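Hi,

Here is the structure I promised to pass on.

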Amino acid sequence: MKVTVLTGGTSAERDVALASAVQVVAALRSRGHQVSVVDTARGYISEEDEATLVPSKVGTKPPTTARLEELQRGVLVGSLSQIPAIKGADVLFLALHGGAGEDGTIQSVLEVIGVPYTGSRALGSALAMDKDLSKKLFEAAGVPVAKWIMVPPSRALEAPVALPVIVKPSKQGSTVGLTLVKSIEQLKPAIDLAFQHDDEVMLEEFIPGRELTVGVLDGKALAVGEIIPKHEIFDYECKYQPGMSEEIFPAKLEDKIAKEAQRLAVLAHHALKLGNYSRIDFRLSPEGKLYCLEANTLPGMTATSLLPQSGAAVGIPFPELCERICAGATRQ
Ligand SMILES: Nc1ncnc2c1ncn2[C@@H]1O[C@H](COP(=O)(O)OP(=O)(O)O)[C@@H](O)[C@H]1O
Ligand SMILES: [Mg+2]
């Protein structure tokens, strides 16, 4: 099969996307597929350039705003249709994270171009990127969520806030712009920080306890995993620096709780009308109650990322996972 891996882009999660791409490319080539690479910010990357242009390691922080702005002046997403590796592919594999690559923008462009692409369509992608709308749909589907309020545009809160509280941009990822606020003095700076990353910001009840994640593939839940970050929350550094979090697949849980997390993951996946795969994040409170945090439509795809671990724990090796994701690409 001719597969073109779309990666890079101009979101804060650009480095994460590049790291995923390197491994997806290798996995698909190991299965005999003809694979090309396109950086949606810079265009076609020749095979000789792949090694130099695509870092396999993510930094401790997202790229600077200046770097992202520089990239934004590069290739326009609208001109993707001009690239032969895109027009001529059987499937476009989306190794993109955050921003236009994950929020439905690129998915809409690809619908127009008409080449099948992996992951969720534009609607599901946009819903999952918007945590406020996701939570409303999760609630409607019977998936429990932490209580939340949206910060008004004036940034003046009407009622006193119970602490600790999580302040987060509604449409971001990789814990960028998110703060665990424990004292009232921290609240305003946390809100201002979140607004630097999005025009909508939420305050969410802090759920103490454990961090779980569940992969979903072809309508079924994969293994439940537990993440034990070195920091209090699963932040950017813990997500992408080796050794900064312990990840246990399958999680050591009572069978009843693991099965419930799997059931809720599939419900959450369908509530947002997602494609053939996703990864759903949860908190598990000390009382044993599960709270769905969010759905990730384009989760990290290095061989040691969470979704691949969730698949490996039920006997799906990484190259097979990549192939099954290709097989589930959107068809016209
Ligand atoms: N309500 C919450 N209670 C406790 N921890 C939270 C809460 N919301 C977020 N976190 C922590 O922050 C991390 C990132 O939050 P999440 O909502 O998944 O956003 P992102 O899209 O940035 O991954 C979570 O994995 C968790 O560790
Ligand atoms: Mg998350």
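Which residues does Glu226 touch, not counting those up to four places away in sequence? The list is Arg210, Glu211, Leu212, Glu246, Glu247, Ile248 and Ala251, where touching, or contact, means heavy atoms within 4.5 Å.

Before the rest, some housekeeping. This is a predicted model, so local features need pLDDT of at least 70 and side-chain atom pairs count only at pLDDT 80 or more, while totals for chains, interfaces and linings use all residues. Residues are numbered from 1 along each chain as its sequence is written, chains are lettered from A and ligands numbered from 1 in the order written, and side-chain values use heavy atoms, leaving out hydrogens and water.

Back to Glu226. It sits in strand 10 (residues 220–229); helices (H or I, at least four residues) and strands (E, at least two) are DSSP runs numbered from the N terminus. Glu226 is buried, with a relative accessible area of 8%. Buried here means under 20% relative accessible area, against over 50% for exposed and in between for partly exposed (1.4 Å probe, protein chains only). Its side chain makes a polar contact of 2.7 Å with the side chain of Arg210. For a polar contact I took a pair of N or O atoms within 3.5 Å; within protein, one must be able to donate a hydrogen and the other to accept it, and residues adjacent in sequence count only if both atoms are side-chain atoms.

Now the overall picture. The protein has 13 helices and 13 strands. Its radius of gyration is 19 Å, close to the 20 Å that the globule rule gives for 332 residues, so it is as compact as a globular protein of that length. (That radius is taken over C-alpha atoms, and the rule is 2.2 Å times the number of residues to the power 0.38.) Buried residues make up 55% of the 332.

Next, the ligand. Of the 20 residues around ligand 1, Lys131, Lys168, Thr175, Glu204 and Glu211 come nearest; to count as near, a residue needs a heavy atom within 4 Å of the molecule. On the oxygen side, an N or O atom in the side chain of Lys239 lies 2.8 Å from an oxygen atom of ligand 1. Taken alone, ligand 1 exposes 540 Å², and the protein buries 98% of that (Shrake-Rupley method, 1.4 Å probe; for residues, only the protein chains shown count as cover).

Lys131 also belongs to helix 8 (residues 131–140), where Lys131, Asp132, Ser134, Lys135 and Phe138 are buried. Seen down the helix axis, these buried residues fall within an arc of 160 degrees, so they line one face of helix 8; the arc uses the directions from the axis to the C-beta atoms. They pack against several elements, including helix 7 (122–129), strand 6 (165–169) and helix 11 (255–271). At the start of helix 8, a side-chain oxygen of Asp130 reaches to within 3.2 Å of the backbone nitrogen of Asp132. Just after the helix, Gly142 takes a positive phi of about 85 degrees.

A polar atom of its side chain lies 2.6 Å from the backbone oxygen of His97.

Cheers
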